[in-house]
Amino acid sequence: MIKAGIIGSTGYAGAELVRLLLQHPEAEIVWYGSRSYTGQKYADIYRNMFQIVDADCLGDDLDELAKQADVIFTATPQGFCASVIGDGVLENTKVIDLSADFRLKRVDVYEQWYHLTHKAPSYIKEAVYGLCEINRDKIAGARLIANPGCYTTTSILTLYPLVKEGLIDLKSIIVDAKSGTSGAGRGAKVPNLFCEVNESIKPYGVTTHRHTPEIEEQLSYAAGLDYMGGESILINFTPHLVPMNRGILATCYASLKEGVSEEMIGRAYQKYYGNETFIRLLGAGQFPETRWVEGSNFVDIGYKADPRTGRVIAVGALDNLVKGAAGQAVQNMNILFGLPEDTGLKLVPVFP
């Protein structure tokens with residue numbers, strides 16, 4: 001059995017990790033870490049775990065946990081993992097970080113967008129970006145995995161084949177995305193109160209959302225650009241908050257290159273995702289809904305070429321707490337330990 005520890009187990013992503021790992025046939029949770037609830041029964045924090053979890057919440061001592069766990073999940077705010085990571089930890093265990101601390105390869109970009117001084121820049125080069133469908137070969141031998149964000153997973157996977165195959169104008173990409181309120185985390189914030197969000201939809205982080213550089217960096221690699229040398233795709237990314245618990249829907253727009261047909265677009269998606277367990281291709285003219293992926297590790301993708309404007313509209317949907325966070329982290333764990341990627345993740349979407 002894989003011994004797993006979770007730091008930040010009482011946040012939404014951490015709690016989803018608990019739910020998934022409890023059902024995983026090859027893993028057991030040995031540490032329910034929570035700085036806010038140390039010493040309290042985990043099931044008293046999440047009553048859905050009554051008579052399922054009989055453990056107390058422990059602290060966030062990564063060095064001690066590394067002696068007990070084969071893998072540590074850090075579902076923590078930005079800056080935490082970078083402040084505690086070290087050789088002593090990585091020589092004893094593997095770390096899958098759900099924050100943004102090691103997603104961006106350029107320290108200056110991280111510090112510009114997150115307004116933090118990076119505490120462990122020496123580990124950035126080693127960290128592998130854990131987008132499983134694209135980087136699984138690199139993930140397999142890694143010690144430190146940077147688990148991608150929810151908006152980024154949706155946007156990158158939706159656009160990747162179009163960029164990789166050179167089907168679109170790289171200067172024309174626009175991503176218009178919507179998220180449920182769990183994407184903002186469990187902390188109490190006035191803008192996320194029921195009366196503030198119900199019966200409304202609002203944009204936020206316009207031109208400043210922190211997932212923007214993550215999308216740009218990964219798509220730049222797909223395009224073959226020298227990102228570390230200063231070459232980068234630039235996109236317009238606008239997220240919106242919608243009054244639902246879970247789900248991300250990203251509608252991506254780009255100008256098609258001369259002569260690109262809808263059939264060529266379809267072949268590109270089949271080339272990269274035709275054999276992927278967790279990517280469901282809906283085909284031309286069919287579009288996903290968040291309700292069809294809720295509670296699952298699936299990403300649904302549809303597209304349509306618009307000959308009138310010469311653009312393609314590609315739409316991706318996923319559950320932000322599963323494939324957008326905890327599910328992808330478990331998928332990364334499966335790759336790290338040589339298990340089939342769908343182990344513990346054969347989750348049928350919940351409906352209604």
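This is a predicted model: local features need pLDDT of at least 70, side-chain atom pairs count only at pLDDT 80 or more; totals for chains, interfaces and linings use all residues.
**Entry 1: strand β10**

I began with strand β10 (residues 248–255), which is mostly covered, with 6 of its 8 residues buried. By buried I mean under 20% relative accessible area, with exposed over 50% and partly exposed in between (1.4 Å probe, protein chains only). Helices (H or I, at least four residues) and strands (E, at least two) are DSSP runs, numbered from the N terminus.

Residues are numbered from 1 along each chain as its sequence is written, and side-chain values use heavy atoms, with hydrogens and water left out.

Which strands does β10 pair with? I looked up both sides. Strand β7 (residues 174–179) runs antiparallel to β10, and 6 bridges join the two. Two strands count as paired if DSSP finds at least two bridges between them. A177 has A250 in β10 as its bridge partner. Strand β13 (residues 311–318) is also antiparallel to β10, this time with 8 bridges. There, L249 has A317 in β13 as its bridge partner.

Strands of a sheet pair through backbone hydrogen bonds, either parallel or antiparallel.

β7 and strand β9 (residues 236–241) give a parallel case, with 6 bridges between them.

**Entry 2: two residues I checked**

H240 is found in β9. Is H240 buried or exposed? H240 is buried, with a relative accessible area of 12%. Not counting residues up to four places away in sequence, H240 touches Y151, D176, A177, K178, S179, I201, K202, P203 and Y204. Contact here means heavy atoms within 4.5 Å. I also checked H240 against D63: they are 177 residues apart along the chain, and their C-alpha atoms are separated by 38 Å.

T154 is found in helix α8 (residues 150–164). T154 is buried, with a relative accessible area of 0%. Which residues does T154 contact, leaving aside its neighbours within four places in sequence? I found I248, A250, G316, A317 and L318.

I then moved to β2 (residues 27–33). This strand is mostly covered, with 5 of its 7 residues buried. Strand β1 (residues 2–7) pairs with β2 in the parallel sense over 6 bridges, and A4 stands opposite I29 in β2. The chain goes from β1 through helix α1 (residues 12–22) to β2, and this β-α-β crossover is right-handed. Right-handed means that, with the strands pointing away from the viewer, the path from the first strand over the helix to the second runs clockwise.

**Entry 3: aromatic rings**

How many aromatic pairs does a search of the whole structure find? My search came back with 10 aromatic pairs. Rings of Phe, Tyr and Trp (its six-membered ring) pair if their centres lie within 6.5 Å; planes under 30 degrees apart count as stacked, over 60 as edge-to-face and the rest as tilted. Y32 and Y42 form a tilted pair, at 5.1 Å centre to centre with 45 degrees between the planes. Y32 lies in β2 and Y42 in helix α2 (residues 42–45), so the pair ties together parts that are 10 residues apart in sequence. Both Y32 and Y42 are buried. Ring pairs link Y32, Y42 and Y46 into a cluster.

I also looked for a charge over a ring (NZ of Lys or CZ of Arg within 6 Å of the ring centre and within 35 degrees of the ring normal). The charged end of R280 sits over the ring of F298, 4.2 Å from its centre.

**Entry 4: the whole chain**

Last, the overview. I count 12 helices and 13 strands in the chain. Buried residues make up 53% of the 352 residues. The C-alpha trace spans about 60 × 45 × 40 Å along its principal axes. Among contacts between residues at least 6 apart in sequence, 69% join residues at least 24 apart.
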